[in-house]
Each structure stands twice: as C-alpha cells, then as structure tokens.
Amino acid sequence: MLDDFIDPEDERRILRLYALYCHFFAHGTPEDWVSIFTPDGVFAKLSASQGGLGTQAQNVEGEAELLEMTLGRREMFQGQVRHQQTDIVVLPGADADSATGRSLILVTDWRSGEGRLAALGTCEATFRRTADGWRFARIELSALPWPAEKRNGDK
C-alpha cells in the first residue's frame with residue numbers, strides 16, 4: 001500500500017469526488033450527489049447508526065434508488081448533518097480505468113441546536129473511469145462500534 005499510486009491527475013479528480021460527496025449531501029442536492037456515481041452505482045451502509053441519526057443498514061443500487069435515498073435523507077437531516085471523510089488513501093484498481101479508496105468518516109448532527117458527534121467509521125470505495133470522468137462505482141460504509149468478529153483493526 002505504501003508504494004501503490006495512481007496517476008496524480010486521476011487521484012486529484014478522485015479526491016474531488018470525495019469532497020463533492022460530502023458537500024452535495026450536506027447541502028441537500030440529491031441530483032448532484034447521484035451524478036458522482038456510475039449509473040449502476042451502489043451505496044452500502046453495513047450497520048445502523050448508533051448516534052441517533054435515524055439511519056438503518058441498507059444497500060441501494062442504481063440512479064433511481066440512490067436518488068430516493070438522498071431525497072429521504074435531505075428531509076430527515078434538514079440541512080443540519082455534516083459528513084466528513086478524512087485520511088483518504090487512493091489505490092490502483094484492476095486496470096487503468098478503476099481505482100479503490102479508503103477513508104475514515106465522521107458525521108456531526110446539529111438538528112437539536114448543539115452539535116454532536118453522531119457517527120464514526122470507515123468508507124471503502126471503488127471508482128470507475130467513465131466517458132464523463134471518474135465516478136463512484138460503490139461506497140461501503142461501516143460505522144462504529146463494529147461487531148466482535150470485525151474488531152481486528154480492519155473494517
């Protein structure tokens with residue numbers, strides 16, 4: 001992992017996707033958020049949030065399901081929940097048109113007035129280069145606390 005790199009321009013574009021993921025979600029622009037996925041993109045949340053966000057484990061696939069989920073989250077979060085992805089590592093994929101990413105996630109919730117930490121976890125992502133540029137093909141979120149069988153330091 002220490003010496004596995006992709007082209008710097010490709011990495012720059014993928015890092016932009018991570019930032020847009022957070023901005024589009026935070027600012028309640030579901031159509032923009034869906035646009036950073038491939039048409040068959042997948043959002044997989046492996047566990048329910050423990051911090052009172054009100055979200056459940058789920059797996060959604062394709063533009064229509066992604067849009068439906070984000071419209072629901074926009075209503076639920078009321079523009080008062082923020083997502084941050086930190087410590088991002090982008091690695092080569094199986095070919096020049098694919099890549100993988102790992103990051104840590106932090107979610108804060110301001111709906112009650114005072115901000116509070118609502119979730120921590122990891123994000124595993126796969127990216128695919130399309131005619132429109134790099135896009136998320138899959139995002140898999142794992143929130144803490146992890147089940148005992150996954151407490152070995154990895155996701």
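Mentor: Helices (H or I, at least four residues) and strands (E, at least two) are DSSP runs, numbered from the N terminus. Leucine 117, for example, is found in strand β5. This is a predicted model: local features need pLDDT of at least 70 and side-chain atom pairs 80 or more, while totals for chains, interfaces and linings use all residues. Residues are numbered from 1 along each chain as its sequence is written, and side-chain values use heavy atoms, without hydrogens and water.

Trainee: Is leucine 117 buried or exposed, or partly exposed?

Mentor: Buried means under 20% relative accessible area, exposed over 50%, and partly exposed in between (1.4 Å probe, protein chains only). Leucine 117 has 47% relative accessibility, so this residue is partly exposed. Phenylalanine 127 is buried at 2%, and tyrosine 18 is buried at 2%.

Trainee: How many aromatic pairs are there?

Mentor: Rings of Phe, Tyr and Trp (its six-membered ring) pair if their centres lie within 6.5 Å; planes under 30 degrees apart are stacked, over 60 edge-to-face, the rest tilted. The count here is 11. Tyrosine 18 and phenylalanine 127 are edge-to-face because their planes lie at 65 degrees, with ring centres 5.6 Å apart. Tyrosine 18 is in helix α1 (residues 8-26) and phenylalanine 127 in strand β5 (residues 116-130), so this pair links parts of the chain 109 residues apart. Ring pairs also join Tyr18 and Phe127 into a cluster whose members include Trp33, Phe43 and Phe136.

Trainee: What does phenylalanine 127 touch?

Mentor: Contact means heavy atoms within 4.5 Å. Leaving out residues up to four places away in sequence, phenylalanine 127 touches, among others, Ile14, Leu17, Tyr18, Trp134 and Phe136.
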